[in-house]
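Let's take a walk through a model, one part at a time. Have a look at the sequence and the 3D view, and then read on.

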Amino acid sequence: MLTQTLAELSRDLKARKVSSAEVTSAYLARIQRFNPQINAFITVLQEQALAEARAADARIAKGDAHLLTGVPIAHKDIFCTAGVKTSCGSKMLDNFVAPYDAHIVTRLKQAGSVLLGKTNMDEFAMGSSNETSFYGPVKNPWDSTRVPGGSSGGSAAVVAARLACAATGTDTGGSIRQPAALVGLTGVKPTYGRVSRYGMIAFASSLDQAGVIAYTAEDAALLLSVIAGFDPRDSTSVDRPVPDYAATLEQPIRGLRIGVPREFFDPGLDRRVAEAVQTALSIYKKLGARVQDISLPNFGLSVPTYYVVAPAEASSNLSRFDGVRFGHRCGNPVDLMDLYTRSRGEGFGAEVKRRIMTGTYVLSAGYYDAYYLKAQKTRALIRRDFLEAFTHVDVIMGPTTPTPAFRLGEKTDDPVTMYLNDIYANGVNLAGLPGLSIPMGFVDGLPVGLQIIGNYFDEARMLGVAHQYQRETDWHRQVPKGFE
Amino acid sequence: MSLTPDEVKTIARLARLAIGEQDIQQYARNLSRILEFVAQLDQADTRDVVPMAHPLDMAQRLRSDVVSETDQRDLFQQNAPQVQAGLYIVPKVIE
């Protein structure tokens, strides 16, 4: 039961081969047993989950079930869940109980999914290793001495360890795709504006997008069909019809034009990861796709551009944490300035403070043109490269990360070394494009991911292309040792 | 681009962050490293490039001017550190 994909579980629930109460109890038992090893949940909702499971079973019995009814999932702790602590991985929000549900929480609840709990994450989604969480690092289920990636590291780890059937995530600069790659899962970041961010705690508003981490492209398609769509409560939400993403998965890919950017194969890329990409491409060629070399000339600007734009927006977004209306307040403030500075100084961790200060600096008087305005121009160049590429290819492929999962503590001394782990991910966010990662093999016993980048609102094709690969391979069926 | 400890203190004050004296050196080192890294952007030729404001070139959507929110002050104030008679309490600002 616990090695089933979400789609398979959905069929069994509908056929009443198994009840949601049984499945949910089994997952809760596994959480109790395995979560202490990987530290992937911040909050587990034992009673609430069982009640939701019983309600789902009643709904299935009545015959008005949705495909997700009774399916146990987890939410990244960045999504507000009414009446439940929503910490964003920060001491600042350790005492925060969300007064309402995020849009995607509502959507998944209405579909009848069961919420097992809230997952650990890098503080305010700022990190690539889950080591910046106030609640401690998450361990990679494939090797407990290694990171699961970040910032959606808890979501990735709970699905990889089979402690939830799927999980939500957010991707500002790779935070869904990178952890999915490092734990051997399918992670999807939709087009900017495709999924409403209402109730999702903001990091960098011109980049943030919600998505999912699941076993397969088919599972992700089922979830995305539910969470995507217009919501007037998010001003960046795009009013466009949502296709049934699962309906087009079987479309053949003969004649598909795959662009492979030569700049991705830089000296920082592990040779064995590069080889795994070539092996994956050979499968696509066998299926009738045409693989062609393309160029993204400004690729090298993406990480530095990202580390101006994202901190600038973060410094502005995080100014709301002032110790007055919600969140941490310092003890015995002498005046208002003392209240602000000590509440924020105590409530935020080191990486969040670094980003706020970087953002404050690049936006400060006299520096704005040199940094922020310049970065908005290089950002335009990065997008232009992608637009040009999509005039002659249908999808772009390459590695998701330069290496497999690194060791805990390996990159914590130098922030820039950590930032470069998202070198292949950042550009997609800067351009606002959809991207996903699927497992494409192992290096040193650790999973590595193939990144597939689609054109704007072309999620259906991107998921179909991923699904066709998963019909030919079984990397997505692998379970880490000790979690069988 | 190298930041001095005094510059770090100024930035921290602008950002309303209390930073311990013992941590200033490390922030100076890390922030300098980040600013050196992003300084690569200087080399990019961006003459005649229009700065990008939105990935989809979308304009801000407008809505009609009608009430869309109900008063939920009591619910929201349950998360506040200190309230009194529906007001948020902070240290005295004006003597």
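This is a predicted model: local features need pLDDT of at least 70, side-chain atom pairs count only at pLDDT 80 or more; totals for chains, interfaces and linings use all residues.

**Starting with chain B**

In chain B, 17% of the 95 residues count as buried; a residue is buried if 20 or more other C-beta atoms lie within 10 Å of its own, exposed if 12 or fewer, and partly exposed in between, with C-beta atoms placed from the backbone. Residues are numbered from 1 along each chain as its sequence is written, and chains are lettered from A and ligands numbered from 1 in the order in which they are written.

Chain B has three helices and two strands, and from the N terminus they come in the order α-α-α-β-β. Helices (H or I, at least four residues) and strands (E, at least two) are DSSP runs, numbered from the N terminus. How does the radius of gyration of chain B look beside that of a compact globule of 95 residues, and what is its value? Chain B has 22 Å, whereas the globule would be near 12 Å. That radius is taken over C-alpha atoms, and the globule rule is 2.2 Å times the number of residues to the power 0.38. Along the principal axes, the C-alpha atoms of chain B fill a box of roughly 55 × 45 × 25 Å.

Now for the place where the chains meet. Chain A puts 55 residues into the contact and chain B puts in 39 residues; two residues are in contact if their C-beta atoms, placed from the backbone, lie within 7 Å. On the side of chain A that touches chain B, the elements giving two or more residues are α9 (302-317), α10 (336-347), α11 (350-363), α12 (369-389) and α13 (415-419) of chain A. The largest share, eleven residues, comes from α12(A).

Let's pick out α9(A). Of its 16 residues, 14 are buried, so α9(A) is largely enclosed by the rest of the structure.

Next comes a strand, β9 (residues 395-399) of chain A. Five of its five residues are buried, so β9(A) is largely enclosed by the rest of the structure. Two strands pair if DSSP finds at least two bridges between them. With strand β7 (residues 257-261) of chain A, β9(A) pairs in the parallel sense over two bridges, and A:Ile258 stands opposite A:Val395 in β9(A). With strand β11 (residues 446-454) of chain A, β9(A) runs antiparallel, joined by five bridges. There, A:Pro399 has A:Leu450 in β11(A) as its bridge partner.

Finally, look inside chain A. The largest nonpolar core has 169 residues, and A:Ile73, A:Leu116, A:Ala164 and A:Ala166 touch the most other members. Such a core is a set of buried Ala, Val, Leu, Ile, Met, Phe, Trp, Tyr and Cys residues joined through C-beta atoms within 7 Å. Leaving aside neighbours within four places in sequence, the contacts of A:Ala164 include A:Tyr27, A:Pro72 and A:Ile73.
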